[in-house]
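Please open the structure in a viewer and keep the sequence at hand.

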Amino acid sequence: MLLPVFTLKLRHKISPRMVAVGRYDGTHTCLAAATQAGKVFIHNPHARSQRLNVSRLLQSPLDSDVSLLNINQAVSCLTAGILNPELGYDSLLVGTQTNLLAYDVYNNSDLFYREVTDGANAIVLGTLGDIPSPLAIIGGNCALQGFDHEGNDLFWTVTGDNVHSLALCDFDGDGKKELLVGSEDFDIRVFKEDEIVAEMAETETITSLCPMYGSRFGYALSNGTVGVYDKTARYWRIKSKNHAMSIHAYDLNSDGVRELITGWSNGKVDARNDRTGEVIFKDNFSSAVAGVVEGDYRMDGHIQLICCSVDGEVRGYLPGGAEMKGNLMDTSVEQDLIRELSQKKQNLLLELRNYEENSKQAESSSPLNESDGQRGIIPANTKLQTALSVNLGSDSQAAHVELRISTSNDTIIRAVLIFAEGIFTGESHVVHPSVQNLSSCIRIPIAPPKDVPVDLHMKTFVGYRNSTQFHVFELTRQLPRFAMYALSNPDPAKEPLSFVNFTVNERVQRVVMWLNQNFLLPEDSEIQNAPFQVCFTSLRNAGHLFIKIKPSGEITVSTDDIDLAGDIIQSMASFFAIEDLQVEADFPVYFEELRKVLIKVDEYHSVHQKLSADMADHSNLIRSLLVRAEDARLMRDMKTMKKRYVELYDLNKDLLNGYKIRCNNHTELLGNLKAVNQAIQRAGRLRVGKPKNQVVSACRDAIRSNNLNMLFRIMRVGTASS
């Protein structure tokens, strides 16, 4: 069995997902981790004589090998690495909800300290695309921002929701790193600099991402799921009742391929095969795992896997030798193979017993009682048919998509098990009709919350009314992306005022193919040659969607839902393989709401500046009152001393009240900034390729210069020039 090569017990609590290793002097590997008290500790067991006791860095009273960096705010993300290649050693990056600190540990000095209005929820350090210098990239309030070693803002773009995880990975195999972004809206997005090149929809918030090798990367979700992707294809995933606190890629069994190492909330650490997800190693801590990293911590030329718990326990592991043959647990390969074959044998014996039981029932049943449902074996020609249709609902049931499953004869459906991502409360849904309602047909309501194509994996139990064993049919059916929109009769009075207008070089028949693939159109619907228009009604909110096609290839999509318009354009661009698409768009109601939000942002910024100035004035006054109060005490003028301390007490109350106001103001500001960033992202999603990137960049310039008229012009026509 693989055992730790070293174990440490640090007397400091470690915040989850806040662990990093770095060579801060260019030679010695040190461990850095955030504590819950707004501090970062640096454990350096290599240079005991070198102690830095100036500026930010102070020696810990609990441990002689630990220095403390006082941040004075809750740390929200942490990493280490080469930020300035000319220095030749690593820098420490610490993010909070308002600032980013780049720190030179060796010289005990700040490289830069930047205010980040969108916060820093996640951080990654490295090179991105063609940008030559390394960047500290932070993800916050729907925004991504990259800084060089001088604090210059070299990269900025927006994403769909609050960012929770970041990783750099050569996703497309071109030798340059792309940025993987996991966010609260359950999506993993891949950015090639500021252009989104791929999106993968998951079932929960993405809490961790890590590059494996090549285009392969690992991921973890907030519901306990971990898995591996290769580009956009998911290799495998497993789900646990515990939460994955940290994931890391490390070759633990010396086979030349990195395994996915996961640290869990129950203290377990496991290593899984990158291709199958099979566990090849596991260990346990007495408390939750805070982080999993790697580094040459013993300074012996070997890279160890380093696991840290929230209680401060640190263990280091070296890869298993070739004699272990890839198996690092205390069981042999032969034992595992025997156990696996024994389980297969039991399953086959059980299946054989069921066939024999059914055969006996079939032999004992007579033609007289066949109609009573006593038969065991279903007819060999039994088929299962599925159909999807739109159900407009009734007083007792909301509108939905209806999945109809039926058999081709008098057999009945006893139960249906459906596996699908992002539709049900969990990832599966079981329909089990009562005995009185058994029939050869079953109808299942489905209401997907998002407009994404979903594969429905169905297992249907088919038999007779009194059967004890059932035949299981397995089928897969794809739910179209815009299944929650019902075809309706066009009514000019109901046509939305908001629209996007663009031209594609495609035949009308290809547009009709796209409609058939992405909507649930009735079988008898016939769309004639251009010009034509189709009208849909949303099953979610009864909103209207008009799509008009002209012979010239001009397409107009009318809807008040800017997200829906963006989804339709992205879907068309993918179907028609459009690389660049410029559109004209107008969403008057949405743009008016955005104008109000931007005015509020200015107001909150003004209040923030005034409160900061007031706080600075109060700080100077406190210093003065404190000196005067102490002078009075030394002069034994107790009356004056008491008066000054009363003034100090009142001033302190004012400061606390001002701080509460400042916190509330900051919360409101973040909410409005999120709305602004999402608006920019939505305006970008109305375009494809270069026009999309130009819109995002131009919108940010317009906001920086506070030119609202230019901002709305860019969102409408895609460019700032007239």
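The model is predicted: local features need pLDDT of at least 70, side-chain atom pairs count only at pLDDT 80 or more, and totals for chains, interfaces and linings use all residues. Residues are numbered from 1 along each chain as its sequence is written, and side-chain values use heavy atoms, with hydrogens and water left out.

**Two loop residues**

Select Arg17 first, in the loop between β1 (6-9) and β2 (19-22). Helices (H or I, at least four residues) and strands (E, at least two) are DSSP runs, numbered from the N terminus. The phi of Arg17 is near 65 degrees, a positive value in a residue other than glycine. Most residues other than glycine have a negative phi. Arg17 is partly exposed, with a relative accessible area of 37%; buried means under 20%, exposed over 50%, and partly exposed in between, using a 1.4 Å probe and protein chains only.

Next, select Asn72, in the loop between β6 (66-70) and β7 (77-81). Its phi is likewise positive, near 65 degrees. Is Asn72 buried or exposed? With 64% relative accessibility, Asn72 counts as exposed.

**The open sheet**

Continue to the four strands that form an open sheet in the order β7-β8-β9-β10, with antiparallel pairing. Two strands pair if DSSP finds at least two bridges between them. β7 and β10 (109-115) stand at the edges, each with a single partner strand, so one side of each has no neighbour in the sheet.

**The nonpolar cores**

Now select Phe502, Trp514, Phe519, Ile547 and Met715, which touch the most other members of the 60-residue largest nonpolar core. Such a core is a set of buried Ala, Val, Leu, Ile, Met, Phe, Trp, Tyr and Cys residues joined through side-chain atoms within 4.5 Å. Helix α3 (residues 562-575) supplies the largest share of this core, eight residues. Apart from this core lies another, of 29 residues, among them Val401, Ala483, Met484 and Ala486.

**The annotated domain**

Finally, select residues 588-685, listed by UniProt in an unreviewed entry as "domain: BBS2 hairpin". UniProt positions are given in the numbering used here, feature names are shortened, and annotations may be inferred rather than shown by experiment. The span is 97% helix and 0% strand, and its end C-alpha atoms lie 17 Å apart.
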